[in-house]
Amino acid sequence: MPHALDTPVRLSGAEPSVADQQAQAGLKARGPIPAHVACIMDGNGRWAKSRGKTRVTGHREGVVSVRDVTEACAQIGVEHLTLYTFSTENWHRPAAEVTALMELLVRTLRKEAEKLHRNGIRLHAIGDLGRLPERGQRELQESLDLTAGNTRMTLTLALSYGSRWEITEAVRQIARAAQAGALDPATITEDTVSDALLTRGLPDPDLLVRTAGEMRLSNFLLWQVAYTELYVTEKYWPDFRRQALYDAIRSYQDRDRRYGRVADA
């Protein structure tokens with residue numbers, strides 16, 4: 001059963017500090033809050049290496065950042081948060097790391113799904129999900145089903161996801177419809193393509209955050225971020241917590257989004 005939207009968001013279980021409440025109020029008063037924030041969560045391994053720890057330790061600490069950023073987004077009124085959790089290219093990492101990541105995914109879903117549900121957050125997933133281990137697919141589906149009716153915020157996990165793969169699959173879908181006579185190629189529009197993508201029904205991101213200082217999109221939402229505001233920070237993902245999120249949103253609020261048009265005189 002969906003939960004009431006007037007209850008405070010508490011994924012961490014901790015009461016927000018007075019300073020954080022003031023920071024959130026100031027952010028809301030300062031300018032528009034992006035409806036859709038997307039994150040390329042980079043730097044878990046480098047964070048761990050810089051501390052003499054294993055890469056898996058970095059991934060575990062990254063989960064703490066996911067919880068904090070998700071909670072903060074829901075508290076300030078972000079409607080959609082999309083996280084680049086595991087790319088199609090990540091399957092080429094060492095087998096031991098991939099196995100550890102899949103185990104972490106299962107444990108995290110099991111631990112966090114009920115918290116998301118209690119806080120009215122819907123979990124969504126995009127990607128080639130059939131490549132996930134059977135146990136991972138089962139835990140994911142149970143979490144999706146549990147939170148399906150929630151409306152406070154949608155948290156989308158891009159799992160086994162690659163944008164070129166997604167676009168290729170969309171082209172195949174459109175081509176099959178045209179071949180079957182169900183679609184006139186002359187009527188194909190940008191909306192036709194958007195509706196064939198895994199993100200159909202979701203608004204395009206307003207703000208894309210990339211951590212660890214890398215200046216590339218890494219095959220993430222290539223169609224969807226055509227007019228998204230980009231924010232790159234040197235912080236590794238395990239160090240990216242709510243205050244860093246607020247900095248990113250302040251930067252977004254300072255932008256002049258013209259979508260290719262000339263600003264008003």
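How many Å should the 14 residues of helix α5 span, and how far apart are its end C-alpha atoms? At 1.5 Å a residue, helix α5 (residues 134-147) should span 20 Å, and its end C-alpha atoms are 20 Å apart, which agrees. The expected span is 1.5 Å times one less than the number of residues.

This is a predicted model, in which local features need pLDDT of at least 70 and side-chain atom pairs count only at pLDDT 80 or more, while totals for chains, interfaces and linings use all residues. Residues are numbered from 1 along each chain as its sequence is written, and side-chain values use heavy atoms, with hydrogens and water left out.

**Helix α5**

- Helices (H or I, at least four residues) and strands (E, at least two) are DSSP runs, numbered from the N terminus.
- Gly136, Glu139, Leu140, Ser143, Leu144 and Thr147 are the buried residues of α5 (buried is under 20% relative accessible area, exposed over 50%, partly exposed in between; 1.4 Å probe, protein chains only).
- Down the axis of α5, these buried residues fall within an arc of 135°, so they line one face of the helix; the arc is that of the directions from the helix axis to the C-beta atoms.
- An α-helix has 3.6 residues a turn, so residues three or four places apart point the same way.
- Glu134 and Asp145, on the other side of α5, are exposed.
- The buried residues of α5 pack against α4 (95-118), β3 (121-126) and β4 (153-161), where contact means heavy atoms within 4.5 Å.

**Salt bridges between separate elements**

- The count comes to 20 salt bridges, each being a side-chain nitrogen of Lys or Arg within 4 Å of a carboxyl oxygen of Asp or Glu.
- Glutamate 61 pairs with arginine 241, their closest N and O atoms being 2.8 Å apart.
- Glutamate 61 lies in helix α3 (residues 55-76) and arginine 241 in the loop between β6 (229-232) and α8 (242-253), so this pair ties together parts that are 180 residues apart in sequence.
- Glutamate 61 is partly exposed at 26% relative accessible area, and arginine 241 is partly exposed at 25%.
- Arginine 67 forms a salt bridge with glutamate 112, with 2.7 Å between the closest N and O atoms.
- Because arginine 67 lies in helix α3 and glutamate 112 in helix α4, the pair ties together parts that are 45 residues apart in sequence.
- Arginine 67 counts as buried at 18% relative accessibility, and glutamate 112 counts as buried at 11%.

**A salt-bridge network**

- Asp42, Arg46, Arg210, Glu214 and Arg216 are linked in a network of salt bridges.
- Within it, arginine 216 and glutamate 214 meet at 3.0 Å, N to O.
- Arginine 216 is partly exposed, at 47% relative accessibility.
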